[in-house]
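Thanks for making time for this; I would like to walk through one structure and keep to what can be read from the coordinates. Please have the sequence and the 3D view open while I talk.

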Amino acid sequence: MTATPFEPSPLATASSASPRPSPRGTLRDDASDPHVQLAALARLLGRARALRLVAIALAWALLPVLVLALSHIVLGVPSRTGVAIVAIVTGAIGIVTPIRRGARQRVTATDAALWVERAEPRLRYALVTLADASPAERARLEPFVRAVPWHAPAATIARARLRQSLTMLGAAVAGFALALWPWRERSDAGAAIMRGAPVPPSAIATLPPGAVAITARLVPPAYTRAPDRPVALDGGVVEAIEGTRLEIEGAAGAARVVLRVREAGDTAGARAVTLERSDEAWRAVVRVGAQPVAVLLADGITERSLTIAARPDSVPEASLDLPATDVVTRDTTATIALRGRAHDDIGIADARLEWILTTGGGEQFAARTGVLGARTGALDRDVAVQGTLDLGALGVKPGDVLHVRLAARDGNAVRGAQLGTSDTRVIRIPRSDEGDSVAVEQLPPSPVDTSVISQRMLLLLTERLVARQRTLARDAVVAESRRIGAQQGRLRRQVGAVIFMRTGDTPGGEHAHFAGDGHDHTASELAQLQQPRTPEAVLKAAERATAINATLDDHGDETPVVAVNRPLLEAYNAMWDASRALDGAEPASAIAPMRRAVAAIQRARAAERLYLRGAPPAVLVDIAKIRLTGTDSARADARTPLPARPDAGAALATRLDRALVLLARVPRAGTDSLRLLRLDALAARPVLARALDDALGALATGADATTALQRARRAAALVPVRGDATPLWSTGAP
Amino acid sequence: MPSRADAAPRRTLPTIATALQAIGVTAAAVCAWALATPASSPVPAVRVRGDSLVLDAPLGRMRDALATLVAAAPGETLQVTLDGAPALRATMTLRALAGAGHPLALRTAAPLPAIAVAARRVEGPAASASLVVAGDTGTIVAIADAAGALDSLRAPTLLRAASLASLVVARAHGVRATAPVHTITPGTRVLVAGRAGWESRFVIAALEEAGWQVDALLDVAPTVAVRQGSTQLDSARHAAVIALDGAAPAVLRAIPDFVRGGGGAVLVGSAAASGALLGVRAGAPGARVRGEAGAEASEDEPRHGLDLVPVVTGARAVPIESRDGAIAIAAARHVAGRVVQVGYEDSWRWRMAGADDAPAAHRRWWSALVAGVARTPPLAHTVRDVLHDSLDAAPVATLAATIGLPRVVAAPVAPARAPWRPEPRLLAVIALLSLAGAWVLRRLAGVA
Amino acid sequence: MTARAHGGSPLATGDRFTFATVQYESGDWDSAPLVAANVIDAVARFTRIDVAPSGTVVPLASEALLRHPLAFLTGHLPVRFTAAERTMLGRYLDRGGLLFVDDHNHDVDGPFHRTCTEELARVTGALRPIPNTHALYRSFFRFENGPPNTSHELNGWGDNLVHEQLLGAERDGRLRVIYSNKDYSSEWSFHPENRKFLSVDNVRFGVNLVVYALTR
């Protein structure tokens, strides 16, 4: 049976009783209810239409934007900001207008029903009627409408329309993005380089017709094992490690290319770089030193530039973990574990534990050095080194001092390997007589110390006399020789006094006077005093005294008393010989014993010197007594004043002001000045350099550079000062 | 028998004579008390009108008021009322009073400009200017010069500007203030004379680092002196001279003529004791005062750690800085030139042992001292004086930077009145006249 | 030349020059205790410089170092500065201090020389030879050939090693470090009483050093 169009089926009747309008006038949520389906369809269609309208409006709005963007790309006018403003205005109109229209012309359920009826004639306008029908009519029509499967196909088509509208809108938005893309802007690339990111080849600028095409790349030093990277001469700043080479190559146009280079702070200006040519192809290499360098390339059509900020290779950092502190040990056979770490920004080439063993004291030290755990070659950035120090194998003795540290070198082939060292640990083996204290008050200077310089001076005087002997009269030689001999005799007696004082005898054993010293003695007394005491006798007496002291002190074989007195007695002997030779006016014969005497005194000093940490004795000089008693003539040279140092900050600010004036009159020259200023500011005034970088980027793209230039002026010209820095009287006339 | 009319005078005359006698004795007693008791006049209030400082005191007591003001013990607050924007000369005088140790209580009844700006060249080898922006604390002020916008700042602030173009403009809340920028270049060559010592070494270093060209004559031995550059003080060559001590007498003898001719002199410590400098010094050197141990390392008052030879200022001198009641720096004009006398000794300790910025602060301080007196070219000097005295476009900014902003009050503050104090001379006259009158009356009564 | 302005004795002030010997953690900093007395003696003997009658010892890591703008460092043993010593030395030199270092070993490339120059280079950068025409050699006495030789180099019993030039580090035209291999520590380490034996005062260069430090 075929149901009449407007007769409800029993199923439809049964189901149609349930849907009722909700209190808010909307249909109950029944997916099979035609009203609900119509409402949903109307919403879907409304969205699709709104989006489509917006997309169409944007497409129309895009037209002038595209024209302006093309003009910006090709001609450089209008500016990017201008294009952006037009795009924003037209885009806003394109969005607002259809939305406002959409608000007035909403898609109603009737519209949706009509749209369905056009696609589904079998409904015979029942759906349209249903949309506006009274409840009574609705009950009659619903079964008929339900009988026709209209909703699913209609919803599918509506969704397709929505997708189509979205695609259109996406295309319009993409068109806007394309028009606003920074075609002439490369400061982003420069910023990426500043961050250390590699420059993609796409960053290379599009050249105007006739400009010489080039390729440029930065070649880091081989030891860094870093890859080459292409760069563009786009007025930006790139960072490169010191020693990097900038290689620029071109296939043609060598005759037109002028390449100049200027280092930061170079007052001589830019210097030309010679091109290596082969036929039409050419190549140039610029080496990056420690200073930032600007590279300027001109080919008659364009001028390109690049600033390379040199980054120094950092010095390796080393630390010694073991031993963690200085060590004092009496165990001369101990083994000491050593462990350290080193780090370098590029890589360690050599890491080793170094030791220095110092033996001796006083004026005579011997040092041995060695290494442990050496690692060489191309190592990692982080290297650990360890080793064991065997004191027994080193043959250390009490009194020795070992210095240990970790030394790490990088592979810097530009400046030479740079050394980084850890703190040094000191391993000390104390002397047996030193006790546990390392803060022992030092003895006052020994009387022996006062002798050594005197003996050395007498030796010098004698040598000088021997050298002049041939040119002097015999009488003069005799007189001078005896004068030195008298002083030698006095010194000998002083040494004798020291010996006897130490051995417990009285200094009177050696009379402290000498002929002509002003003291009066009778002839018998003099004869008794001058009676020569043989060195053997003195030596015997000294050794006798030494034996007594040795028993008392019980320091073993190497007591200081013995150690000091033996060489002093030798010195005494030698001085005796020297005295005799000098008194006999034979200075040449005196030199050998005098040298023996100096050496012996030196040994005596070395024997008694201990390295003790403490306060040395304070020697008071009687200033008032000796003031201006010197007889040597002095004459100070007049000095040239140091050149006045210009205020670097003020100079930069002045240069910036001049560059700004120039920029207004001759933009290209002004831009060049700003580039050079940026170069000089890179190291000393990084804030200024960054502001200038932004300004140059804006100028290169034709954008508004005012803000960046204001920042540059602020950075260059203004320095807040503390209150107490106010000049005292600088602003006032009295 | 006398009539009643005759008897009346005879009865009244002794009474009057007794009264006069009592008055005379009382007046004499009060006079004696007044003479015995020291005066305790309060520091008179000061009123500022343009470039004048007006003492708020009765006409007859003006001299005493002035003497009290000048001799007021450091530490006593001076009440200063502004009748309007003060001229630079008045501001600097107030600053000198403040520098001598008198706290200033500034008041004004006049409304102040919302913002003010002043730009002045910092005299010295560096081409820089100081930029003062005054206004309510926290006010955002936009600063620009002839070359364009410079910065936005929070007032009040003080800046060192390395390069400014002709005119500085400040804007805030629709208010605009302008100030011209002076560009006058002084001479930059300085002669340092003294003994070879750490002070000479570090003064020379500080000045050279600040950009001055330094010649030096340093005494080392009776026949030996270290000479650097031109050591003959020459008005055509040197802008200023620094005498560190009494050494180098040839230079000391030349200083008076040099200053008279427009040169500047910085006299340090005991140098002012030299007989050759009696005519130009700002004051006599006093007894040396030890610095506070370790204070040179402080950030706030590093000069408190230095030894001080106080300046006992003369009539012509203006105190610039004081320490613990003693004048540490004073200045004086001598004909065409200027002299600043510095009591601090061994400022090198500040540089070596001071806080982190001590070397820079020491450098700035010495450079400012020299710049304050350095000779400027004759023509520019005239122009500068005119500019400074009459064209201070931002008096309030200068005032704020120099001694602070005044407190606005509803009405001018009444000056503090001195407590009544009898005038001894007047009392003496009264006593004499009274006693004389009593004597005459008694005589008349006796005769009658 | 100046006249004798105020007699032979200068006014005593805080500006007085005090000879300071640097005490450092490693090595034998006190190996030449008589150098101070001899330099003081020579300065007083030839100049009017206000000089303290005795020297002082200043730890390298101590703030007290900043009270002595000229400091003397010597020793025989390897020198390894601690981090605190290195920091203070840098601060000292940046503020205008002058460090005079003498290798007490009078040898070539010995442990003191190698370690000390290395340590100094970490603070000041590499040491460079001081030209023999430098103002240091003409600040009071004239040394036409640069630094005077010591008897240790010439007298035959020493090592016969003559070092032609001193090393130094300079900034802005001022020496910050003077490094000597001449062994002035031995040359100037005699008892002042023995000065009378010297026909020519061998501490004259010490006077130049002090005058240079005080005037530039």
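In this predicted model, the buried residues of helix 1 of chain C run through Val35(C), Ala36(C), Ala37(C), Asn38(C), Val39(C), Ile40(C), Asp41(C), Ala42(C), Val43(C), Ala44(C), Arg45(C) and Phe46(C). That is 12 of its 12 residues, and the helix is accordingly described as mostly covered. What covers these buried residues? The cover includes helix 16 of chain A and strand 13 of chain B, together with strand 1 (20-23), strand 3, helix 5 (184-187) and helix 6 of chain C. As for its length, the end C-alpha atoms of helix 1 of chain C are 17 Å apart, which agrees with the 16 Å that its 12 residues should span at 1.5 Å a residue.

Helix 6 of chain C takes in residues 204-215, and from its first C-alpha to its last it reaches 17 Å, close to the 16 Å expected for its 12 residues at 1.5 Å a residue. Helix 6 of chain C is mostly covered too, with 12 of its 12 residues buried, and among them are Arg204(C), Phe205(C), Asn208(C), Tyr212(C) and Thr215(C). The buried residues of this helix pack against helix 4, strand 13 and strand 14 of chain B, and also against helix 1 (35-46), strand 3 (70-75) and strand 4 (98-103) of chain C.

That brings us to the contact between chains B and C, where 30 residues of chain B are in contact with 28 residues of chain C. Which elements give two or more residues to the side of chain B that touches chain C? They are helix 4 (198-209), strand 13 (213-221), strand 14 (224-228) and helix 6 (348-353) of chain B, and helix 4 of chain B gives the most, with six residues. Sorted by class, this side of chain B has 17 nonpolar, eight charged and five polar residues.

Taking chain B as a whole, there are 10 helices and 24 strands, and buried residues make up 51% of its 448 residues. If we consider contacts in chain B between residues at least 6 apart in sequence, 68% of them join residues at least 24 apart.

Chain A contains an open sheet of five strands in the order 2-1-4-8-7, with antiparallel pairing. Strand 2 (229-231) and strand 7 (276-278) of chain A are the edge strands, each pairing on one side only, and the twist from one strand to the next averages 25°. Within the sheet, strand 1 (residues 214-219) and strand 4 (residues 245-250) of chain A pair in the antiparallel sense over six bridges, and Leu218(A) stands opposite Leu246(A) in strand 4.

Strand 3 (residues 234-241) of chain A has seven of its eight residues buried, so it is largely enclosed by the rest of the structure. Strand 3 of chain A runs parallel to strand 10 (residues 303-311) of chain A, and six bridges join them; in strand 10, Ser305(A) is the bridge partner of Asp234(A).

I will finish with some backbone details in the loops of chain A. A cis peptide bond, with omega of about -10°, joins Leu322(A) and Pro323(A), and Pro323(A) is found in the loop between strand 11 (317-322) and strand 12 (327-328). Ala585(A) is not a glycine, yet its phi is positive, at about 60°; it is found in the loop between helix 14 (560-583) and helix 15 (587-608) of chain A. With 18 other C-beta atoms within 10 Å, Ala585(A) is partly exposed. Leu628(A), also not a glycine, has a positive phi of about 60° and lies in the loop between helix 16 (623-626) and helix 17 (648-665) of chain A. Is Leu628(A) buried or partly exposed? Leu628(A) is partly exposed, with 15 other C-beta atoms within 10 Å.

Methods
Residues are numbered from 1 along each chain as its sequence is written. Chains are lettered from A and ligands numbered from 1 in the order in which they are written. This is a predicted model: local features need pLDDT of at least 70, side-chain atom pairs count only at pLDDT 80 or more; totals for chains, interfaces and linings use all residues. Helices (H or I, at least four residues) and strands (E, at least two) are DSSP runs, numbered from the N terminus. A residue is buried if 20 or more other C-beta atoms lie within 10 Å of its own, exposed if 12 or fewer, and partly exposed in between; C-beta atoms are placed from the backbone. Two strands pair if DSSP finds at least two bridges between them. Axes are lines fitted to C-alpha atoms, for helices over the stretch in contact, and angles run from 0 to 180 degrees between N-to-C directions. Two residues are in contact if their C-beta atoms, placed from the backbone, lie within 7 Å. Ala, Val, Leu, Ile, Met, Phe, Trp, Tyr, Cys and Pro count as nonpolar, Asp, Glu, Lys and Arg as charged, and the others, Gly among them, as polar. The expected span of a helix is 1.5 Å times one less than its number of residues.
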